[in-house]
Amino acid sequence: MKLKHKTSLTFYPTPPFHFDATLHKPSHFPSSDNAWKKGKYCITMRWQNQKLGLKLENKGTTIKPKVLITIYSKEKLTKDFILTLKPELEWRFNLKTELADFFNQFKNDRVLKSIFKKWKGSRPVSANSLYETLVIYVVLQNATVRRSVQMLENLFKKYGSKLEFDRQKLSCFWTPQELDKVPERDLRRLKVGYRAKFLKRISKQFAKGEINEFAMRKMTNQQIENEVLKLYGIGPASVEYLLFEDFYRYDAFSTIPPWDQKILSRLLFNKKLVPVSKILKYAKHWGKYKKLAVHYLWEDLFWQRKNKKIEWLEKEIRL
DNA sequence: CATCAGGGCCCTG
DNA sequence: CAGGGCCCTGAT
């Protein structure tokens, strides 16, 4: 499907804003619904039954941020449509968060100091909808990176669609309603294994409107947790990622899945394996920004990996 | 060829 | 609250 209509919106994120470190997370596995290069990020999106292509371009600096978002669509967009889309884009790309306090408070922090020099102004983004994010978490479970990528791409091929805009083709997610109707054995043919049941059940719960992502944004961490754990196939590890990555709860750092534990042990203590309790204790000095601080460390590590081989990390990343 | 663990989660006892 | 089973893959 070709998206020929263009609508442009200009945004002025709260400074400091680091365009590339915000929109590209090198620790995430690649997915054909988005593409990044320096100063430019594209992703597909669904909004009010329309499929859209988004292009974000960096038109400012970290101190004086300016982002141009071009929205590609099949039909010309109405004023009302754009009116509701605009705040959603601000939310999804976390353009309005206030982090000056965080940078100020930890400008001399042992580990953050040097990382701020490179990435100050980075922030989490939930560029996908809640449903889409949950699909990603399900294919992440108990699988190596290669297999996660394969599962998601199989799903895109069978149930998603391709959107053509800005001279590229990117995958667009299906709707929960569409996947709800699919027989479980069809899903299993896509080699998603026992996750087929999870995907079906989650899709059904969304299709029935049991989950209201917009209401959840206003809830407390605990309320969000209760809400999300109602979803079949979503457990503590997924919740931990979700609170930070999708709901921007910078303080939500209470459980550490085994893989994360290994990597944080190295990063913080230069040891192979440190007890979870010790890592959590150490993170306490970052106060209400403890998860955000960990995010900075984490992504910095994976940015480093782009340029040079990190021997111990390669061993932990199972392809 | 067989066996096993992997960015979990559910369910049972 | 500990532990087995679940799907599929690639490593050994």
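## The largest cavity

In this predicted model, the largest cavity is lined by A21, W119, S122, H295, Y296, E299, D300 and W303. About 40 Å³ of space lies inside the largest cavity. The structure holds one cavity of 30 Å³ or more.

Helix α15, residues 290–307, gives the most to this lining, with five residues. By class, the lining of the largest cavity has four nonpolar residues, two polar and two charged.

## The second largest pocket

The second largest pocket holds about 590 Å³ of space. Its lining counts 20 residues. Nearest the centre of this pocket lie R46, S129, P176, E213 and F214. Of the elements, α5 gives the most, with three residues.

The lining of the second largest pocket divides into eight nonpolar, eight polar and four charged residues.

## Helix α5 and its partner α6

Helix α5, which gives three residues to the lining of the second largest pocket, also meets helix α6 (residues 145–159). The axes of α5 and α6 come within 8 Å. They cross at roughly 135°. Angles over 145 degrees would count as roughly antiparallel, so α5 and α6 are oblique to each other. The crossing of α5 and α6 is right-handed.

Note on methods:
Residues are numbered from 1 along each chain as its sequence is written. Chains are lettered from A and ligands numbered from 1 in the order in which they are written. This is a predicted model: local features need pLDDT of at least 70, side-chain atom pairs count only at pLDDT 80 or more; totals for chains, interfaces and linings use all residues. Side-chain values use heavy atoms; hydrogens and water are left out. On a 1 Å grid over the protein atoms alone, a cavity is a set of points where a 1.4 Å probe fits but cannot get out, and a pocket is an open set with protein on both sides within 12 Å along at least five of seven lines; lining residues have an atom within 4 Å of a point. Grid points are joined across faces, edges and corners, and a volume is the space filled by probe spheres set on the points. Helices (H or I, at least four residues) and strands (E, at least two) are DSSP runs, numbered from the N terminus. Ala, Val, Leu, Ile, Met, Phe, Trp, Tyr, Cys and Pro count as nonpolar, Asp, Glu, Lys and Arg as charged, and the others, Gly among them, as polar. Axes are lines fitted to C-alpha atoms, for helices over the stretch in contact, and angles run from 0 to 180 degrees between N-to-C directions. Angles under 35 degrees count as roughly parallel, over 145 as roughly antiparallel, 65 to 115 as roughly perpendicular and the rest as oblique. A crossing is left-handed if the near helix is turned anticlockwise from the far one by less than a right angle, and right-handed if clockwise.
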